[in-house]
Amino acid sequence: MFPLDAWVKNETLIYNKTLSKCDSLELLSQAPRAIIVCEDTGFLDFQMRAISSVTNLAGAVFVSKDPSPVEFEFMSCPGVLISATEFATVIHYMNSSDNPIAAIKFRQTVTGKEVAPSVTDYTSRGPSPNCPAVLKPDVMAPGSLVLASWIPDDYTAAVGTNNLLSSEGFNLISGTSMACPHASGVAALLRGAHPEWSHAAIRSAMMTTTTELDSSMMPIKDVGRNFTAASPLAMGAGHIVPNLAMDPGLVYDVTPQDYVSLLCSMNFTRNQIMTITRSNMYDCANSSSLDLNYPSFVAFYDKNVTTGAMLTHRFRRVVTNVGDGRTRYEVKVTAPMGTKVAVWPQSLVFGKKNERRDYYVDITYASDGEGMVSHGSIVWVEESGKYNVRSPIVVAPTSGGK
């Protein structure tokens, strides 16, 4: 929106209790030509619009309790975002100077400086309220501040309320609007490379080949949870790695009847199921479990049960060998904190491609009384080391965790 080499030259820096809430156009319009320091009121977007609506202010310094995760698609006025600690430094400077001044330089995009990826604070999170037994989300994909093509007859930014600005063909977009086409594009490429795979097999390949690590080789952080390690309820199995998904080794397949059985276990009526399937080929004859053949494991507990009461959840999974013929896999388990995870058999031997093997998992855990979420993983490691087929494990309260 602004020239990349533009400056707001040295201007008087002002801060006072009357103006610095930056929430009154009437008051701001009476301010002198200056760069104003805006207090943290929790309404940053409104403050930016207010500053951009008056012509006498050269720019603003906005204060936020935690400015690092804030993503600006639209900065509608010359501005700088600082933390509460930096705010104290600015105030100290202003109090110690007879003529406090500041300047703003519009910085070009800097790459390679920030750790990526991370789970943004605005992302939707699990568990699914309709079926918490199936892990959602499945995966995470690039979605924040993605440079994307833009329709030519709509505005991309605004200065104040009446000045709408168009782009030159591209705009920064965030959210599932970008993450979804990234993930969908990977699925389409996998469909082209493996036309014989089912939709469930494609999803499985994408889920079991993700990464849990960021560019610093540390666990992916959750911006919305104080930069702690992201749980599968925030990032699913992890960040997609398209090249690995092309050759996953094993896949977890799901048939139409499996989905119908899940709906039956959720107490859907026959008419409701018919509305979804548009077919009477399926029935509820063998539907007694919510245990879908999914590449993840979710063990839920009622956080109102007695603290320390031990519970065991059993899962059955079937994997299909889509790798190269005869091979052997050994299991590697990282148990969620406070749980015991038993897998049997601990090795899977395949004699040929497309052969299937099943295995069982017992997760023993207890309510901690706090409703906390813990997570781990099950990884099937191929004997040559070529494949590492990873599935997340989540232990969480039925009403959602902290």
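Cys264 has a relative accessibility of 11% and therefore counts as buried (under 20% relative accessible area, with exposed over 50% and partly exposed in between, using a 1.4 Å probe and protein chains only). Its disulfide partner is Cys284, with an S to S distance of 1.8 Å; a disulfide here is a pair of cysteine sulfur atoms within 2.5 Å. Cys284, at 38% relative accessibility, counts as partly exposed. The torsion about this S-S bond is -70°, and the link is left-handed. Cys264 belongs to helix H8 (residues 256-265), whereas Cys284 sits in the loop between helix H9 (270-277) and strand E14 (297-301), so the bond ties together parts that are 20 residues apart in sequence. Helices (H or I, at least four residues) and strands (E, at least two) are DSSP runs, numbered from the N terminus.

This is a predicted model, in which local features need pLDDT of at least 70 and side-chain atom pairs pLDDT 80 or more, while totals for chains, interfaces and linings use all residues. Residues are numbered from 1 along each chain as its sequence is written, and side-chain values use heavy atoms, without hydrogens and water.

The structure holds 2 disulfides. Cys22 and Cys38 are also joined, S to S 2.0 Å, and both are buried. Their S-S torsion is about -85°, so this disulfide is left-handed.

An open sheet of 4 strands runs in the order E13-E15-E19-E17, with antiparallel pairing; strands pair if DSSP finds at least two bridges between them. E13 (250-251) and E17 (340-344) are at the edges, each with a single partner strand, so one side of each lacks a neighbour in the sheet. E13 pairs with E15 (residues 310-321) over 2 bridges, and Leu250 stands opposite Asn321 in E15.
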